[in-house]
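Subject: Structure handover

Hi,

Here is the structure I promised to pass on to you. Please open it alongside this note, and then read on for what turned up in it.

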Amino acid sequence: MALQKLLSSEEFNQAVNEKDVVFVLKNSTTCPISQAAFDEYEKFANDHEGIPFYYLNVQDARPLSNEIAETYKVKHESPQVLLFKNNQVIWHDSHWNITYSKLGKAKEEKIG
């Protein structure tokens with residue numbers, strides 16, 4: 001399953017309300033750390049096609065990024081990955097901690 005870009009609250013809410021498990025990456029298009037995180041995230045998504053993977057570019061969707069931070073009480077960072085299960089954040093990490101292996105560990109520990 002390809003990465004799906006989120007631009008609006010409606011798209012985000014549909015994703016987390018219709019799917020049991022969802023990964024979301026907050027990404028900056030101008031940050032080299034974000035690019036490295038995006039590459040790791042994309043590789044992981046390509047190897048785990050049964051799970052929906054979404055991303056938002058903070059520059060394109062700042063209101064959505066802020067809404068997620070406020071709604072789920074997770075301080076905004078970029079890059080930042082969040083794992084949702086049943087519309088709740090069950091894991092998140094940021095910056096250089098967004099690696100293929102850490103995504104795999106979170107998946108195994110949190111959703112099996």
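Two strands are taken to pair if DSSP finds at least two bridges between them. Please keep in mind that this is a predicted model.

With that rule in hand, let me start with the sheet around β4. Strand β4 is joined to strand β5 (residues 88–94) by six bridges, and the two run antiparallel. One of the contacts to look up is Q80, whose bridge partner in β5 is S94. The hairpin made by β4 and β5 has two residues between the strands, and N86 takes a positive phi near 50 degrees there.

As for solvent, β4 is mostly covered, with five of its six residues buried.

Next, the aromatic rings. How many aromatic pairs does the count come to? The count comes to nine. One of them is F12 with F84: the ring centres are 5.5 Å apart and the planes stand at 70 degrees, so this pair is edge-to-face. Since F12 sits in helix α1 (residues 9–18) and F84 in strand β4 (residues 80–85), the pair ties together parts that are 72 residues apart in sequence. Both ends are hidden from solvent: F12 is buried at a relative accessible area of 2%, and F84 is buried at 1%.

Another pair is F44 with Y100. Their ring centres are 5.2 Å apart and their planes are at 75 degrees, so this pair is edge-to-face as well. It links distant parts of the chain, with F44 in helix α2 (residues 32–47) and Y100 in helix α4 (residues 100–111), 56 residues apart. Buried or partly exposed: which is F44, and which is Y100? F44 is buried, with a relative accessible area of 0%, whereas Y100 is partly exposed at 31%. Both residues also belong to one aromatic cluster, formed by F23, Y41, F44, F53 and Y100.

Finally, the charged side chains. The count of salt bridges comes to three. In one of them, K5 meets D60, and the closest N and O atoms are 3.2 Å apart. This pair links distant parts of the chain: K5 is in strand β1 (residues 4–5), while D60 is in the loop between β3 (53–57) and α3 (62–72), 55 residues away. K5 is partly exposed, with a relative accessible area of 36%, and D60 is partly exposed too, at 45%.

A salt bridge also forms between E40 and K43, with the closest N and O atoms 3.7 Å apart. Because these two are three residues apart in helix α2, about one helical turn separates E40 and K43. E40 is partly exposed at 22% relative accessible area, and K43 is partly exposed at 47%.

The remaining one to mention is E108 with K107, where the closest N and O atoms are 3.2 Å apart. What is the relative accessible area of K107? The value is 13%, and since buried means under 20%, K107 is buried.

Best wishes

Definitions and conventions
Residues numbered from 1 in each chain as written. Predicted model: local features only at pLDDT ≥ 70, side-chain atom pairs only at ≥ 80, totals over all residues. Heavy atoms only, no water. Phe/Tyr/Trp six-rings, centres within 6.5 Å; stacked < 30°, edge-to-face > 60°. Helix = DSSP H or I, 4+ residues; strand = E, 2+ residues; numbered from the N terminus. Buried < 20%, exposed > 50% of the residue type's maximum accessible area, 1.4 Å probe, protein only. Salt bridge = Lys/Arg side-chain N within 4 Å of Asp/Glu carboxyl O.
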